[in-house]
Amino acid sequence: MQNNRVSLTQFIIEEQRRVKGATGDFTSLLNDIVTACKQISGLVNKGALVGVLGSAGSENVQGETQKKLDIISNEIFLQTNEWAGHLAAMASEEMDDIYPIPARYPRGKYLLTFDPLDGSSNIDVNVSVGTIFSILRCPGNCENPTAEAFLQPGTQQVCAGYAIYGPSTMMVLTTGHGVNGFTLDQSIGEFVLTHANIQIPADTNEFAINASNMRFWEKPVKRYVDECLAGKTGERDKDFNMRWVASMVAEVHRILTRGGVFMYPLDSKMKDKGGKLRLMYEANPMSFIIEQAGGASSTGRTRIMDIQPTGLHQRVPVILGSRNEVERIISYHQDA
Ligand code: P6P
């Protein structure tokens with residue numbers, strides 16, 4: 001590689017060498033996931049030029065309007081990952097039920113969950129979107145996987161990652177040995193290691209929340225945000241900045257890069273649904289990444305990665321980012 005840079009392919013293979021008894025199965029699976037993200041990046045980058053913008057005129061299991069690119073990205077993930085024999089099944093934000101690997105292909109020992117195009121409401125206005133994925137081991141009989149096989153706490157994840165389709169396309173990954181970031185070199189079509197061993201600052205002066213929901217928030221969140229807004233004149237004795245991109249991948253990436261706290265808390269509007277964000281393919285993979293980078297991720301009441309899932313599309317409140325800020329918000333929930 002130019003300038004002695006390490007490609008993602010080389011990085012994954014060198015990681016594999018550290019794992020005793022590794023067969024190369026996981027490495028090959030991760031390579032297929034990366035290939036799917038490169039294809040999605042290409043389509044996102046072309047946008048209107050290839051007629052992929054706009055709504056598909058359908059709704060997903062979440063009751064959300066599906067963009068054309070939501071469906072196309074989902075198809076790309078299925079087609080790129082179904083044939084190689086590494087997976088028993090897949091589950092996606094865009095599909096009601098699990099996708100068992102078709103009988104014409106061999107089944108493998110892993111399960112893959114993904115949100116193929118997170119933040120897709122931004123796609124038509126050309127704001128960063130991304131792909132989030134999580135890899136679990138398939139417990140028991142992988143010959144006939146069921147939705148129950150996926151219902152494992154976040155601590156069981158083998159790997160979590162996201163691609164962010166922004167000014168540059170990046171891939172950020174953890175396999176439980178820290179977090180590393182790779183930038184897509186479009187001239188060679190390869191991801192290259194550019195952000196090794198990412199660590200989140202424990203403190204921050206930046207918070208991210210959809211402030212239009214303020215009247216629905218619980219008291220601990222309202223207390224935290226009010227203190228941030230009071231800045232130097234209040235409890236915190238420092239001024240804060242606010243961001244809201246409405247694309248979780250973009251918020252998490254900013255937090256990994258310069259610290260911060262992201263909140264999509266339980267509010268009275270979403271209380272009956274359990275929250276806004278989905279546990280299996282948004283909150284858990286992002287929590288794994290955030291914790292591996294030295295941050296924290298909680299519902300405000302419990303560590304997200306400890307939650308025993310009860311459903312494939314279960315929603316949870318999410319408060320994640322700089323450790324000291326998340327712990328402060330948790331303490332406010334305990335005070336209440
Ligand atoms: P709101 C995108 O739809 C998403 O799932 C996350 O990526 C994002 O953080 C959140 O929802 C945005 O929600 O209510 O601000 O549109």
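Two residues are in contact when heavy atoms of theirs lie within 4.5 Å. With that cut-off, Pro220, Val221, Arg223, Tyr224 and Glu227 of helix H5 meet Glu325, Arg328, Ile329, Tyr332, His333 and Asp335 of helix H8. The model described here is a predicted one.

**Helices H5 and H8**

- Two packed helices are described by the angle between their axes and the distance between those axes.
- Helix H5 covers residues 219-230 and helix H8 covers residues 323-335; the two pack at an angle of about 135°, and their axes are 8 Å apart.
- H5 and H8 are therefore classed as oblique to each other.
- The crossing that H5 makes with H8 is right-handed.
- The residues in the contact of H5 with H8 comprise five nonpolar, one polar and five charged.

**Helices H1 and H2**

- Helix H1 spans residues 8-17, and its packing with helix H2 (residues 25-46) has an angle of about 160°, with the axes 10 Å apart.
- Angles over 145 degrees count as roughly antiparallel, and H1 and H2 are therefore roughly antiparallel to each other.
- H1 and H2 pass each other in a right-handed crossing.
- From H1, the contact involves Leu8, Thr9, Ile12, Ile13 and Gln16, while H2 contributes Thr27, Leu30, Asn31 and Val34.
- Five nonpolar and four polar residues, with no charged ones, make up the contact of H1 with H2.

**The eight-stranded sheet**

- Strands of a sheet pair through backbone hydrogen bonds, in either a parallel or an antiparallel manner.
- An open sheet of eight strands is present, with mixed pairing and the order S4-S3-S5-S6-S7-S8-S9-S10.
- Its edge strands, S4 (99-100) and S10, each pair on one side only.
- Strand S9 (residues 179-185) runs antiparallel to S10, and five bridges join the two.
- Asp185 has Glu190 of S10 as its bridge partner.
- H1 lies across strand S8 (169-174), S9 and S10, and H1 runs at about 70° to S10.
- Helix H3 (residues 68-81) also packs on the sheet, where H3 touches S3 (87-92), S4, S5 (110-118) and S6 (129-137).
- The direction of H3 makes about 155° with that of S5.

- Strand S1 (residues 55-59) pairs with strand S2 (residues 65-67) in the antiparallel sense, over three bridges.
- Thr65 in S2 is the bridge partner of Glu59.
- S1 and S2 form a hairpin with five residues between them, and Gly63 in the turn has a positive phi of about 80°.

**Two individual residues**

- Glu15 is located in helix H1.
- Glu15 counts as buried because its relative accessibility is 16%, and the cut-off for buried is under 20%.
- Beyond its neighbours within four places in sequence, Glu15 is in contact with Thr175 and His177.
- Ala202 is found in the loop between strand S10 (190-195) and strand S11 (206-208).
- With a relative accessible area of 32%, Ala202 is partly exposed.
- Ala202 and Gly321 are 119 residues apart along the chain, and their C-alpha atoms are separated by 8.3 Å.
- Residues up to four places away in sequence aside, Ala202 touches Ser322, Arg323, Asn324 and Glu325.
- Glu325 also takes part in the contact of H8 with H5.

Conventions:
Residues are numbered from 1 along each chain as its sequence is written. This is a predicted model: local features need pLDDT of at least 70, side-chain atom pairs count only at pLDDT 80 or more; totals for chains, interfaces and linings use all residues. Side-chain values use heavy atoms; hydrogens and water are left out. Helices (H or I, at least four residues) and strands (E, at least two) are DSSP runs, numbered from the N terminus. Buried means under 20% relative accessible area, exposed over 50%, partly exposed in between (1.4 Å probe, protein chains only). Axes are lines fitted to C-alpha atoms, for helices over the stretch in contact, and angles run from 0 to 180 degrees between N-to-C directions. Angles under 35 degrees count as roughly parallel, over 145 as roughly antiparallel, 65 to 115 as roughly perpendicular and the rest as oblique. A crossing is left-handed if the near helix is turned anticlockwise from the far one by less than a right angle, and right-handed if clockwise. Ala, Val, Leu, Ile, Met, Phe, Trp, Tyr, Cys and Pro count as nonpolar, Asp, Glu, Lys and Arg as charged, and the others, Gly among them, as polar. Two strands pair if DSSP finds at least two bridges between them.
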